[in-house]
Amino acid sequence: MSTKNSAFALAAFALLATLSIIDIASSASRHDDDGDDGESRNSMNIQLGPRPFFLVNDMEPSALKNRLKHCGNGLFRKTDFSIGHRGAALQFPEHTKESYEAAARMGAGIVECDVTFTKDKELVCRHSQCDLHTTTNILATPLAEKCAKPFTPAQVDAAGNIIQEASAQCCTSDITVEEFKSLKGKMDAFNPAATSIAEYLGGTPNWRTDLYAGPTSGTLLTHKESIQLFKTLGVKMTPELKSASVTMPYDSDGDGVGDYTQAHYAQQMIDEYKAANVKPRNVYAQSFDIRDVRYWIANEPQFGKQAVYLDDANIVAELPNAAQLAAYKAEGINIVAPPMFALLDIDGNGNIVASRYARHAKAAGLDIITWTLERSGILADGNNDFYYQTFDSAIKREGDMMKVLDVLARDVGIRGIFSDWAATVSYYANCMKLK
């Protein structure tokens, strides 16, 4: 490219970037403070990138493929059917400002902050109370001295076989919120064969990337900061109250007396939305612990009526039966969220269909959200994981992801799905005119 052309291209790029920034700013200024529904939520210029188009092109010929291809020119809008799982964790460090912004830009109408607490009882966004050693740079900082379990290098024999994996454990409860904020997020991964901290902090799978995990990105957020960011982005919010890794009630001041109960923890999360004037209809509080959901129903009914009870079943045999699902509804639980495998099965012709659990949940009058799309790497290798266990034999190519989405939306009737890359779900939802 000539110098003249290069200069022209750089000028054009700068202009586009400026217009994009103006678009974001003007969009934010038009939002209601609580991220309310309406045109203000959809005014952001949604950009889906090439992946959804790649997936549609990869589909086998079908009426569904034809319909999806006809939607390629947009205009794409934000949709509550698309839920940003930890932000955009496929390529951005999870639960970081940059990851959340990417999810919103890709059309996620709801974005997730998993909620845990620090040593000084401040709520922060992390998937687990004790994941800092794999999701941040803490081991490469002086704060490593405060980790519950220091880094231990791998033991490897003369042939290079791992005798004992490298290990560490660093928890948010090991440090204060100020110390937490000094860290940088990275892709959630570690190298089990590491003999040094630098090696341990690697290990990102080759179907992900470290491209957006540089030293000037990976901005960690408190729960309060996530609320303000989500309001600016015009998205609804789905906080998940994480199970504590420390003994509850938590002894926060070290005097031997536990003074921070599970109820305090559950209430503190809701209180931060109330303090920020977020309307309950824009918050989908989640927990795998049914006691948290029951607490919200009893003590914060406006939030509790759309609290999400997450199902932690690992196999079909662990899923609740029809009577149990009906009992959930009877006690005031309105939304359940099982993993994808719980909702899908294959029929005698090898087609993906709604499962027995899905039929029972709908018969009980429960709404359904499910998890997690775009979290399983390459699908066409025939070695799919936990999420696909009941219908793996029907997955032959990457484009089959769109077929999975279609069955979940049309046959199961889910109200939304968590995804590590919101653009895929946003494309489908816009094409099918889902809100």
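## Exposure of F386 and Y387

F386 is partly exposed, at a relative accessible area of 25%, while Y387 counts as buried at 10%. Buried means under 20% relative accessible area, exposed means over 50%, and partly exposed lies in between (1.4 Å probe, protein chains only).

This is a predicted model, in which local features need pLDDT of at least 70, side-chain atom pairs count only at pLDDT 80 or more, and totals for chains, interfaces and linings use all residues. Residues are numbered from 1 along each chain as its sequence is written, and side-chain values use heavy atoms, without hydrogens and water.

## Aromatic pairs

Rings of Phe, Tyr and Trp (its six-membered ring) pair if their centres lie within 6.5 Å; planes under 30 degrees apart are stacked, over 60 edge-to-face, and the rest tilted. The count by this rule is 20 aromatic pairs. In one of them, the ring centres of F117 and Y265 are 5.0 Å apart with planes at 80°, so the pair is edge-to-face. F117 belongs to strand β2 (residues 108–117) and Y265 to helix α9 (residues 262–275), so the pair ties together parts 148 residues apart in sequence. Helices (H or I, at least four residues) and strands (E, at least two) are DSSP runs, numbered from the N terminus. Both F117 and Y265 are buried.

F386 and Y387 also form an edge-to-face pair, with 5.1 Å centre to centre and 80° between the planes. Ring pairs link F288, F341, W371, F386 and Y387 into a cluster.
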